[in-house]
Amino acid sequence: MDKTYQKEYRSLGLNIAFYRKKAGYTQMQLSEILNIDRSHMSAIELGNVGVSLDIVFKLCTVLCISPTALFDFR
């Protein structure tokens, strides 16, 4: 992960956490659906790791949102 974009990774993580909570999922539930470890889910939401496009697209499907919503950094 390029530290140059740490702010953007953090914003993406906050958006993922927001939509996850809005959909009523815990980190554990969503990580099981995505077939990733809960600690990896946490690291994504904290902006500590990058996330693959496969996971982004799967997140959007599960959370019923568009990729644009995830990348709309307010």
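**Helical packing and local features of a predicted model**

Apart from its neighbours within four places in sequence, Ile16 is in contact (heavy atoms within 4.5 Å) with Met41, Ile44, Glu45, Leu59, Leu63 and Leu70. The model is predicted, so that local features need pLDDT of at least 70 and side-chain atom pairs count only at pLDDT 80 or more, whereas totals for chains, interfaces and linings use all residues. Residues are numbered from 1 along each chain as its sequence is written, and side-chain values use heavy atoms, with hydrogens and water left out.

The protein contains five helices and zero strands, and its pattern along the sequence reads α-α-α-α-α. Helices (H or I, at least four residues) and strands (E, at least two) are DSSP runs, numbered from the N terminus. The radius of gyration of the protein is 11 Å, close to the 11 Å given by the globule rule for 74 residues, so the protein is as compact as a globular protein of that length. This radius is taken over C-alpha atoms, and the globule rule is 2.2 Å times the number of residues to the power 0.38. The C-alpha trace spans about 30 × 25 × 20 Å along its principal axes.

Of the 74 residues, 36% count as buried. Buried denotes a relative accessible area under 20%, exposed one over 50%, and partly exposed a value in between (1.4 Å probe, protein chains only). The protein exposes about 4,600 Å², of which carbon and sulfur atoms supply 54%. Accessible areas come from the Shrake-Rupley method with a 1.4 Å probe; for residues, only the protein chains shown count as cover. Among contacts between residues at least 6 apart in sequence, 62% join residues at least 24 apart.

The largest nonpolar core has 16 residues, and Ile16, Leu34, Leu59, Ile65 and Leu70 touch the most other members. A nonpolar core is a set of buried Ala, Val, Leu, Ile, Met, Phe, Trp, Tyr and Cys residues joined through side-chain atoms within 4.5 Å. At least two residues of this core come from each of α1, α2, α3, α4 and α5. The most is given by α4, with five residues.

In helix α3, the buried residues are Met41, Ser42, Ala43, Ile44 and Glu45. The elements that cover these buried residues include α1 and α2. Gly47, which follows α3, has a positive phi near 75°.

One salt bridge is counted in the model, a salt bridge being a side-chain nitrogen of Lys or Arg within 4 Å of a carboxyl oxygen of Asp or Glu. Arg20 and Glu45 form this pair, with their closest N and O atoms 2.6 Å apart. Arg20 belongs to helix α1 (residues 6-23) and Glu45 to helix α3 (residues 38-46), so the pair ties together parts that are 25 residues apart in sequence. Both Arg20 and Glu45 are buried.

Helix α1 also holds Gln6, which is partly exposed, with a relative accessible area of 34%. The C-alpha atoms of Gln6 and Gly50 are separated by 9.5 Å, although these residues are 44 apart along the chain.

The count of disulfides (pairs of cysteine sulfur atoms within 2.5 Å) is zero. The sulfur of Cys60 lies 10 Å from the closest cysteine sulfur, that of Cys64, which is too far for a bond. Cys60 is buried, with a relative accessible area of 5%, whereas Cys64 is exposed, with a relative accessible area of 71%.

The backbone was examined next. Most residues other than glycine have a negative phi. Cys64, which is not a glycine, has a positive phi of about 55°; Cys64 is placed in the loop between α4 (53-63) and α5 (67-70). Asn35, also a residue other than glycine, has a positive phi near 60°. Asn35 is located in the loop between α2 (27-34) and α3 and counts as exposed, at 67% relative accessibility.
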